[in-house]
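Here are my notes for you on this one. Have the sequence and the 3D view open side by side while you read.

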Amino acid sequence: MSVLSRPRHPMVAEALDLARDWCAGHIIDSAPALGHAVKVALTLGRHVPDAAPELVAAVLLHDAPEYAPKDINLDAVLTARFGAPVTRIVRALERAHLALDQRPVPEVTTTDRWILWASAADKIVSLRSILRRAARSPDPAAFWRARRAFVARVPYFAVFHATAMPYLPPGMAGELASLVVCAEHATGRLDGVERGGGRV
């Protein structure tokens with residue numbers, strides 16, 4: 001059983017349908033954007049099996065600020081259909097994505113566990129995806145040289161993990177730690193990395 005197994009909570013089912021509509025035609029990590037949202041929800045559920053429907057819904061919709069129609073009031077729609085906690089988490093993850101471009105270290109919210117768990121699940125999925133693509137590349141060194149913005153942000157992920165670790169479920173903390181170490185090892189041999197931001 002997963003957080004997306006049938007029968008789904010009505011809120012989760014509605015969020016999945018809306019994410020499917022809004023993600024259509026968009027790509028994340030070289031794959032359909034809906035797949036990323038689903039993977040983040042499943043990752044969350046592995047580590048927080050009793051996750052509240054609001055948290056699962058927020059994770060499914062966490063890319064809504066980027067993909068929702070621009071002519072809607074996103075906060076009003078999310079709040080009316082799912083409640084204020086979903087809007088709060090979606091906006092918090094939006095700020096976390098933007099922070100990759102704006103600051104060298106994250107501002108980690110440790111007082112709101114739902115935001116922390118959602119952000120950690122998002123990072124686990126993104127790190128796992130890029131590490132898998134690098135491993136499959138015929139020239140991993142060239143793969144990383146072409147992704148210097150990500151390489152420059154590996155310390156950002158390390159700081160996030162170190163700060164969030166005491167507040168994450170042990171399995172989630174361990175999985176994120178393993179991926180951060182793998183990213184550090186995979187990219188650590190690159191010299192002269194250009195400082196920059198950008199999403200994984």
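Predicted model: local features only at pLDDT ≥ 70, side-chain atom pairs only at ≥ 80, totals over all residues.

1. Residues are numbered from 1 along each chain as its sequence is written, and side-chain values use heavy atoms, with hydrogens and water left out.

2. For the cut-offs, buried is under 20% relative accessible area, exposed is over 50%, and partly exposed is in between (1.4 Å probe, protein chains only).

3. What does Arg8 touch? Leaving aside neighbours within four places in sequence, Arg8 is in contact with Ala13 and Leu16; contact means heavy atoms within 4.5 Å. A polar atom of the Arg8 side chain also lies 2.6 Å from the backbone oxygen of Leu4. Asp122, on the other hand, is 114 residues from Arg8 in sequence and 21 Å from it in space, C-alpha to C-alpha.

4. Look at Pro7 too, in the segment before H1. The peptide bond joining Arg6 and Pro7 is cis, with omega about -5°. As background, most peptide bonds are trans.

5. Now zoom out. The protein chain has ten helices and two strands; these are DSSP runs numbered from the N terminus, with helices (H or I) of at least four residues and strands (E) of at least two. In sequence order the pattern is α-β-β-α-α-α-α-α-α-α-α-α. The radius of gyration is 17 Å, close to the 16 Å that the globule rule gives for 200 residues, so the protein chain is as compact as a globular protein of that length. That radius is taken over C-alpha atoms, and the rule is 2.2 Å times the number of residues to the power 0.38.

6. How much of the protein chain is buried? Of its 200 residues, 49% count as buried. Among contacts between residues at least 6 apart in sequence, 75% join residues at least 24 apart.

7. (The expected span is 1.5 Å times one less than the number of residues.) H7 is mostly covered, with 17 of its 24 residues buried.

8. Helix H9 (residues 148–164) reaches 25 Å from first C-alpha to last, close to the 24 Å expected for its 17 residues. Where does H9 kink? At Val154, shortly before the proline Pro155, by about 35°. The bend at a residue is the angle between axes fitted to the seven residues ending there and the seven starting there.

9. The buried residues of H9 include Phe150, Val154, Phe157 and His161. Among the elements covering the buried residues of H9 are H7 (113–136) and H10 (170–187).

10. Finish on His161, in helix H9. His161 is buried, with a relative accessible area of 11%. Its side chain reaches the backbone oxygen of Ala173 at 3.2 Å. Beyond neighbours within four places in sequence, His161 is in contact with Ala173, Leu176, Ala177 and Val180.

Terms used: Polar contact = N/O pair within 3.5 Å; in protein donor to acceptor, adjacent residues only side chain to side chain.
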